[in-house]
Structure formats: structure tokens, C-alpha cells
Amino acid sequence: MRQEKTRIDWLDIAKGMSIILVVIYHTLLYYDFHEIAPHPYARISGIMTPIRMPLFFTVSGFLAASAAKAPWRDFLRLKIWLLIYLFAFWSIARWLFFRYIQSNVLVPAEGSDPYQLIEMWWAPNTGIWFIWALAIFMVATKLLSSTHHATTISVAAMVSILTFGEHLQIDLFTHRNVLQYFVFFLFGSWYGKSVVGTITQRPLLVAFGGFLLFAALYLLRWRLQAIEKGSWALLSSIAGLAWLCGTAVLMSRLQPVRHGFAYFGRNTLPVYVTHVMIVSLLVAAIATLAKAASSYVTAPLVVVVAIGLSLAIKAVADRSGAGFFYVPLARRKQEAMAAETGRGDSVSQSKR
């Protein structure tokens with residue numbers, strides 16, 4: 001009989017927070033393009049900038065730690081191939097969407113040239129970049145597994161600071177993001193286990209301390225101009241991670257909240273890959289039909305609808321035989337066979 005992996009609820013909640021923050025960010029970008037973004041919403045989203053992606057990559061690094069210990073053949077076949085498949089499938093889907101259905105006002109060139117479907121492998125310029133980055137991070141982490149971890153983390157942190165601080169002039173945002181966020185994935189993969197234990201035991205202290213440090217760093221940077229941009233970005237990300245992770249543990253102790261946010265955390269992929277297309281359509285319609293004053297109401301609605309529709313598309317795909325949108329067809333067959341074998345084993349055990 002197969003043993004199910006034990007999930008840590010608050011990590012799912014933290015990932016759920018991450019995806020919600022990302023959807024809010026992209027929604028407000030489209031609102032801002034149409035000059036109807038509510039200023040208070042945009043201000044709050046801007047404050048959360050140091051936390052969104054570091055939170056996602058840190059949790060992803062922790063969850064991927066066991067995969068990096070697998071033999072290279074299994075690692076590439078089970079993990080990296082899935083990311084390559086998803087990146088190719090959804091990059092093509094976005095390209096077709098923005099070519100034939102709705103132009104991407106934020107990246108007008110998307111969908112304009114078939115060469116983009118080749119160039120995306122080394123220079124992606126869309127919201128699907130995070131899948132590409134995950135594959136790079138996982139391979140790099142495995143390659144670096146035999147190095148001295150503290151030294152490697154220190155080097156990655158220095159590269160992050162230099163990139164955040166714009167001391168390294170890199171034009172494409174996806175290349176910058178890889179250098180900025182790799183340290184968080186590494187840390188989650190190599191030190192996540194011990195840190196998760198500490199946060200689980202002292203969530204209130206971690207959350208409160210992280211919030212105070214995050215607020216202090218915000219004041220030092222944006223009010224007093226007393227800290228360098230790169231150092232501020234990395235330190236603010238660390239403080240923000242402590243704040244939201246500690247909060248996630250506290251939220252996990254409230255059953256209704258735990259189930260809701262943990263569900264988002266277990267289903268980040270369908271939201272990540274489809275929400276921008278949904279948001280672009282909705283905001284374009286709202287900008288045409290609604291007044292700017294109504295954006296205080298419509299912006300949160302767009303976030304809710306984009307997340308809900310993304311999850312609905314995934315559910316419909318699974319039930320209609322289009323699950324290959326999210327998992328390669330061959331792998332789905334393997335998982336189905338494994339599940340059937342597991343059920344058979346359970347029946348055999350129960351008859352003994």
C-alpha cells in the first residue's frame with residue numbers, strides 16, 4: 001500500500017498568499033495601463049513587491065529538495081521534463097491567445113512573430129517565465145549540491161544584491177529575475193527544513209518580528225533614503241518572508257481559513273498559467289465600459305474572477321480528457337495506473 005506524503009498546511013497557505021499577490025499585481029498593471037488603477041491598491045501592491053516571488057521560490061525550493069536527491073535520470077524525467085512541457089505548452093497557448101484573441105497591451109510584441117516561440121527558450125519575455133526559472137533553479141541546485149552550502153548561498157545573495165541594486169546592467173527582466181531570486185530557491189531547498197521547524201514552533205514571534213523589520217526597512221529606504229537599494233531589497237524579502245510565513249502558520253490553526261488558502265497553494269499552476277489572459281480581457285472590457293471610480297470595486301472582482309476561472313478551466317480540462325494542459329499525456333497514464341494499483345493493493349489488504 002502506498003504511503004501518502006504528509007503536506008504541511010501552512011506552506012500551502014504561504015503559496016496561496018503568493019499566487020493571490022501575483023494576480024493582484026498583474027491586475028493592477030493592466031488597470032494602470034488604462035489609467036484607472038486605484039492608487040491605494042497600487043500602493044499596497046507595490047509595498048508587497050519584495051515578498052511576492054521570493055515567497056513562491058523559497059517554498060518551491062523547500063518542496064523540491066527531495067527531488068534534487070533523486071538520480072539524474074529520474075530527476076530529469078520526472079521533474080525537469082514536466083517543467084519543459086508546461087513551459088512549451090503554455091507559452092504557445094499565450095502566443096496564440098495574444099495573436100488572435102486579445103493583444104497584450106503590456107507586452108504588445110507578444111504573439112507578433114513566430115520567432116518568439118524559439119527565442120523563448122533562452123530569453124522568455126512573458127508571465128510564463130517562472131516555469132522556465134524553476135527548471136533552471138532545480139538543475140543548478142542539483143549541480144551545486146556538493147559545494148559548501150553556506151558559501152554558495154553567500155555568493156548567490158551577493159549576486160542578488162548586485163542585481164536588485166542595478167549594479168549589474170541586465171536588460172531583460174527574466175534574466176534579472178533569475179539572478180535576483182535564485183538565492184531564495186537555494187535557501188528553501190538547503191535550509192528550509194530547519195527553518196520550517198522554527199517557524200512552526202514560534203509563529204507569532206516570527207510573524208511579528210518579520211513585520212516590524214519589514215516596516216523599519218521600508219521607512220529606512222523610502223522615507224529616509226538610508227539604505228542601498230540592493231541590500232534593502234534582499235533584507236526586505238527576508239523580513240517579508242518571516243512575516244507572511246509566520247502568519248501562514250497562525251492561519252493554518254483556523255480551519256476555514258486553512259482549507260481555503262491551502263487549496264490555492266495546492267493549485268498555483270493553473271492560476272499562474274492562465275490568469276493573465278483572463279485579466280487582460282476583463283480589464284480591457286472594464287476600461288471601455290466602466291468609470292475609473294468603479295475600479296475600487298471592479299479590481300478585486302477581477303482578481304476573484306481570474307482565480308476562479310483559472311481553477312474552473314483546470315477542473316473542466318481534467319473532466320473532459322484535456323488534462324494534458326497541465327500534465328504530459330504519458331505521465332497522466334502512468335499516474336492513473338499507479339492509482340489503480342494502489343486501490344487494488346488497498347482492497348487486497350482489507351480482505352486479509
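Visitor: How much space lies in the largest cavity?

Guide: This is a predicted model, and in it the largest cavity contains about 30 Å³ of space. The structure holds 1 cavity of 30 Å³ or more.

Visitor: What makes a space a cavity rather than a pocket?

Guide: A cavity is a set of points where a 1.4 Å probe fits but cannot get out, whereas a pocket is an open set, so the label rests on whether the probe can escape. The lining of the largest cavity consists of Ala 64, Ala 65, Ala 68, Met 138, Thr 141, Lys 142, Phe 185 and Ser 189. Helix 6 and helix 8 are the elements that give two or more residues to this lining, and the largest share, 3 residues, comes from helix 6.

Visitor: How many residues of each class are in the lining of the largest cavity?

Guide: There are 5 nonpolar, 2 polar and 1 charged residues in that lining. Lys counts as charged, and Lys 142 is one of the lining residues.

Visitor: Which residues are the closest to the centre of the second largest pocket?

Guide: The second largest pocket has about 1,300 Å³ of space. Of the 46 residues that line this pocket, Tyr 25, Thr 49, Arg 52, Asn 177 and Tyr 181 are the closest to its centre. Helix 1 gives the most to the lining, with 7 residues, and by class the lining divides into 26 nonpolar, 14 polar and 6 charged residues.

Visitor: Why is helix 3 described as mostly covered?

Guide: Buried means under 20% relative accessible area, and 11 of the 13 residues of helix 3 are buried, so the helix is called mostly covered. Among the buried residues are Arg 52, Pro 54, Phe 56, Phe 57 and Ala 64. What covers the buried residues of helix 3 includes helix 1, helix 2, helix 6, helix 8, helix 10 and helix 12. From its first C-alpha to its last, helix 3 (residues 52–64) reaches 19 Å, which is close to the 18 Å expected at 1.5 Å a residue.

Visitor: How do you know that the side chain of Asp 318 makes a polar contact with the side chain of Lys 314?

Guide: A polar contact requires a pair of N or O atoms within 3.5 Å, and the value for these two side chains is 2.7 Å, so the distance meets the cut-off.

Note on methods:
Residues numbered from 1 in each chain as written. Predicted model: local features only at pLDDT ≥ 70, side-chain atom pairs only at ≥ 80, totals over all residues. Heavy atoms only, no water. Polar contact = N/O pair within 3.5 Å; in protein donor to acceptor, adjacent residues only side chain to side chain. Helix = DSSP H or I, 4+ residues; strand = E, 2+ residues; numbered from the N terminus. Expected span 1.5 Å × (residues − 1). Buried < 20%, exposed > 50% of the residue type's maximum accessible area, 1.4 Å probe, protein only. Contact = heavy atoms within 4.5 Å. 1 Å grid on protein atoms, 1.4 Å probe; cavity = no way out; pocket = protein on both sides within 12 Å on 5 of 7 lines; lining within 4 Å. Points joined across faces, edges and corners; volume = space filled by probe spheres on them.
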